[in-house]
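Me: Please take me through the packing in this model, one question at a time.

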Amino acid sequence: MGVDIQEKLRLALGSVKDHASIGKAMIYNHHDGFSHIEVAVLRATGHDNGPIDDEHMHEILFLVSNSPGSIPFLAERISRRLCKTRDRLVALKTLVLIHRLLRGGNRCFEQQLRGTHVSGHLQLCNPWISKNSFLSKYAAYLEERMGWLINQAGKLEPVVMSHGLDFRCYEEKSVDMVFRKLPKCQLLIDRVLDCSPPSDIFPSDYLAQAAMMSTLKESFQLYFTFCEGIAALVNMFFDLNRAARGLACEILKRASRQTQDLHDMYEKCKRVIQNKNLEYPSVQIITMEHVMALEECLGCPQNQPPPILGCLSNSAKPLRRAAKQGKKNENNIFSCALETKISMVWVLFEEDDHLSCGEKY
């Protein structure tokens, strides 16, 4: 009984706060023409118990697309909403809004939104959020997710920088996958694993379920990219010099732990997440025995693989199959989850000479 009264009081006070905030937004931002953007953000992240209304998402993207220079303003207002609130539902809605916006516009919008994070207009840090386990972990996932983009094929791809080791003697495509993309992939997988839902309270938390479903869908494609990288690493291991082999072994040790944890998390999510239509990949667990065997070969001459390579190559076959299956299914796994209906129906971005904005995914 007491809980019901507290919830009703929270909703009543929250409704008053939302109306007051909307009123102030319409007054103070009237001069720059951006007031409707802030109002749409406030309505999308209201104190009510409902999910984010698609209508508000449509409205935000429509208003931004027709208001040049408004994306930094949008980012600042979202950051302000996240920073000022002490309500868990409002904070979670705001994070979900950011996630959906990353997936909701065209590639130009996504690039500019990521740019506001780099410039500091869009901030996901809030000391209060750290008090809530799932909120803080979901925010950390989104922080890392900001370092990824959606390419023309509709596939998640990390924004990577060159590493210090010299790999010029190896095929550039393999090096890019193994030593640049794969570590970024593993870092994002760790953030996914951190979001593993608690089985006791999660089933009744539909907003957290919505956030987790978007994260899971991205993790499925992320896993296929991970498999592609691991298979390439095993193939090129004995062509590497000793320093690069040492780095490769560290990557594989981490991969061994991650595959086991990812397998366990997916099994848990199958029980906890209410959406039964999610197509979970079959995670191939990398054993530490194979990694230790590779470590024993650190001093072997280049281009002279020992007999253990045959066993290792066989163990990588399921990973190659998973990577190939991921390429076949990437449109089903990822692009169908994008908010393409929003960008296709509502948003008509103006061309920008600095960005390749002409295409929608």
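Burial, contacts and helix packing

Me: Is F109 buried or exposed?
Reply: Buried means under 20% relative accessible area, exposed over 50% and partly exposed in between, with a 1.4 Å probe and protein chains only. The relative accessible area of F109 is 0%, and F109 is therefore buried.

Me: On what basis are such values given?
Reply: This is a predicted model, in which local features need pLDDT of at least 70 and side-chain atom pairs count only at pLDDT 80 or more, while totals for chains, interfaces and linings use all residues. Side-chain values use heavy atoms, leaving out hydrogens and water, and residues are numbered along each chain, as its sequence is written, from 1.

Me: Which helix holds F109, and how far is F109 from S65 in space?
Reply: Helices (H or I, at least four residues) and strands (E, at least two) are DSSP runs numbered from the N terminus. F109 belongs to helix α6, residues 107–119. S65 is 44 residues away from F109 in sequence, and the C-alpha to C-alpha distance between them is 8.4 Å.

Me: How many helices and strands does the chain have, and what share of its residues counts as buried?
Reply: The secondary structure comprises 13 helices and two strands. The chain has 361 residues, and the share of them that counts as buried is 51%.

Me: Among contacts between residues at least 6 apart in sequence, what share joins residues at least 24 apart?
Reply: Contact means heavy atoms within 4.5 Å. Of the contacts in the chain between residues at least 6 apart, those joining residues at least 24 apart make up 78%.

Me: How are α4 and α5 oriented to each other?
Reply: Helix α4 (residues 71–84) and helix α5 (residues 88–104) have axes 9 Å apart, at an angle of about 155 degrees. Axes are lines fitted to C-alpha atoms, for helices over the stretch in contact, and angles between N-to-C directions run from 0 to 180 degrees. Angles under 35 degrees count as roughly parallel, over 145 as roughly antiparallel, 65 to 115 as roughly perpendicular and the rest as oblique. The two helices α4 and α5 are therefore roughly antiparallel.

Me: At what angle do α2 and α4 pack, and how many charged residues does their contact have?
Reply: The axes of α2 and α4 are 10 Å apart, at an angle of about 35 degrees. I37, E38, V41 and L42 of α2 meet F73, L74, R77, I78, R80 and R81 of α4. This contact of α2 with α4 has six nonpolar residues and no polar ones, and its charged residues number four.

Me: Is E38 buried or exposed, and which side chain joins it in a polar contact of 3.0 Å?
Reply: E38, in helix α2 (residues 35–44), has a relative accessible area of 9% and is therefore buried. A polar contact is a pair of N or O atoms within 3.5 Å; within protein, one must be able to donate a hydrogen and the other to accept it, and residues adjacent in sequence count only if both atoms are side-chain atoms. The side chain joined to that of E38 at 3.0 Å belongs to R77.

Me: Which side chain makes a polar contact with that of E218?
Reply: E218 lies in helix α9, residues 206–236. At 1% relative accessibility, E218 counts as buried. Its side chain makes a polar contact, at 2.8 Å, with the side chain of R103.

Methods:
Nonpolar A, V, L, I, M, F, W, Y, C, P; charged D, E, K, R; others polar.
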